[in-house]
Amino acid sequence: MNLMTKKELRQQIKQLKGMTPVAVREVEADMVFNTIKAMPVWKQAQHILCYWSLPDELPTHDTVNRWLTEGKNIYLPRVAGDDLEIVPYHGPQSLNDNNKFHIGEPVGDAVDASRLELIIVPAVALDAQRNRLGRGKGFYDRLLSTCSCPTIGVVCDFQLVEEVPVEPHDRPLDCVVTSDVIIVEEEKQALFA
């Protein structure tokens with residue numbers, strides 16, 4: 001079997017997303033984030049970077065707001081040129097979508113990424129080797145190359161594929177969570193099990 005190109009895989013996942021009702025993605029999101037909440041790494045972390053989901057991503061809005069009320073310090077990414085800044089999230093009223101990508105981004109001062117103790121990463125697709133396919137702009141690749149904290153990739157079940165094409169700069173995540181599957185780097189089992 002020939003490996004799909006990144007472009008072909010993005011197109012295939014886009015078609016599958018179009019056939020998956022929002023209600024299904026919301027149910028899967030609840031299962032994914034409940035799984036993460038049960039992990040030691042989540043319980044220990046006080047400074048967590050998540051993402052404010054786009055309509056075609058695993059939904060996070062309810063989860064992020066719930067985590068905020070549970071005493072966690074939640075951060076969201078904000079695009080700054082070719083990079084992502086890490087900004088504290090203080091609720092939906094602190095978001096602004098007047099940006100190039102029309103993504104809800106937090107307003108306020110950015111903090112150093114070294115503060116983070118856990119990063120929840122969106123993906124177009126993930127594989128069993130914990131490789132991630134993003135949207136192709138490299139924002140998360142650049143951010144993750146500067147962070148040493150644990151990373152969890154989250155997707156709907158249909159976005160877990162046999163193999164994601166990788167390039168030398170691509171770095172596998174520590175853990176992948178779908179509603180049915182948890183895949184963890186062997187040396188880091190204790191953080192996630």
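Me: On what basis are residues numbered, and what limits apply to the values?

Reply: Residues are numbered from 1 along each chain as its sequence is written. In this predicted model, local features need pLDDT of at least 70 and side-chain atom pairs count only at pLDDT 80 or more, while totals for chains, interfaces and linings use all residues; side-chain values use heavy atoms, with hydrogens and water left out.

Me: What makes residues 6-19 helix 1, and how does its reach compare with the span expected?

Reply: Helices (H or I, at least four residues) and strands (E, at least two) are DSSP runs, numbered from the N terminus. Helix 1 has 14 residues. The expected span is 1.5 Å times one less than the number of residues. From first C-alpha to last, helix 1 reaches 20 Å, close to the 20 Å expected. For helix 2 (residues 22-37), with 16 residues, the reach is 22 Å, close to the 22 Å expected.

Me: Why are the buried residues of helix 1 said to line one face?

Reply: Buried means under 20% relative accessible area, exposed over 50%, and partly exposed in between (1.4 Å probe, protein chains only). By that rule Lys6, Leu9, Ile13 and Lys17 are buried in helix 1. Seen down the axis, these residues fall within an arc of 75°, so they line one face of the helix; the arc is that of the directions from the helix axis to the C-beta atoms. Lys7, Lys14, Gly18 and Met19, on the other side of helix 1, are exposed. An α-helix has 3.6 residues a turn, so residues three or four places apart point the same way.

Me: What covers the buried residues of helix 1?

Reply: Contact means heavy atoms within 4.5 Å. The cover includes helix 2, strand 7 (125-127), strand 8 (132-133) and strand 10 (160-161).

Me: How do you know on which side of helix 2 its buried residues lie?

Reply: The buried residues of helix 2 are Arg25, Glu28, Ala29, Val32, Phe33 and Ile36. They cover an arc of only 130° around the axis, which puts them on the same side of helix 2. Their cover includes helix 1, helix 3, helix 4, strand 6, strand 9 (151-154) and strand 11 (175-177).

Me: Why are strand 1 and strand 2 called a pair, and in which sense do they run?

Reply: Two strands pair if DSSP finds at least two bridges between them. Three bridges join strand 1 (residues 47-49) to strand 2 (residues 73-80), and the two run parallel; Ile48 stands opposite Ile74 in strand 2.

Me: What makes the crossover between them right-handed?

Reply: A crossover is right-handed if, with the strands pointing away from the viewer, the path from the first strand over the helix to the second runs clockwise. Here the chain passes from strand 1 through helix 4 (residues 61-69) to strand 2, and this β-α-β crossover is right-handed. In helix 4, Thr63, Val64 and Trp67 are buried. Seen down the axis of helix 4, they fall within an arc of 95°, so they line one face. Asp62 and Thr69, on the other side of helix 4, are exposed.

Me: How do strand 2 and strand 3 run, and what joins them?

Reply: Six bridges join strand 2 to strand 3 (residues 83-88), and the two run antiparallel. They form a hairpin with two residues between them, and Gly81 in the turn has a positive phi of about 70°. Tyr75 has Pro88 in strand 3 as its bridge partner.

Me: Why are strand 8 and strand 10 called edge strands?

Reply: Three strands form an open sheet of mixed pairing in the order 8-7-10. Strand 8 and strand 10 each pair on one side only, and these are the edge strands. Strand 7 and strand 10 pair in the parallel sense over two bridges, with Leu126 opposite Leu160 in strand 10.

Me: How do you know whether Cys50 is bonded to Cys149?

Reply: A disulfide is a pair of cysteine sulfur atoms within 2.5 Å. The sulfur of Cys50 is 13 Å from the closest cysteine sulfur, in Cys149, and therefore too far for a bond. Cys149 is in no disulfide either, since the nearest cysteine sulfur, that of Cys147, is 5.3 Å away. The count comes to zero disulfides. Cys50, at 0% relative accessibility, counts as buried, and Cys149 counts as buried at 9%.
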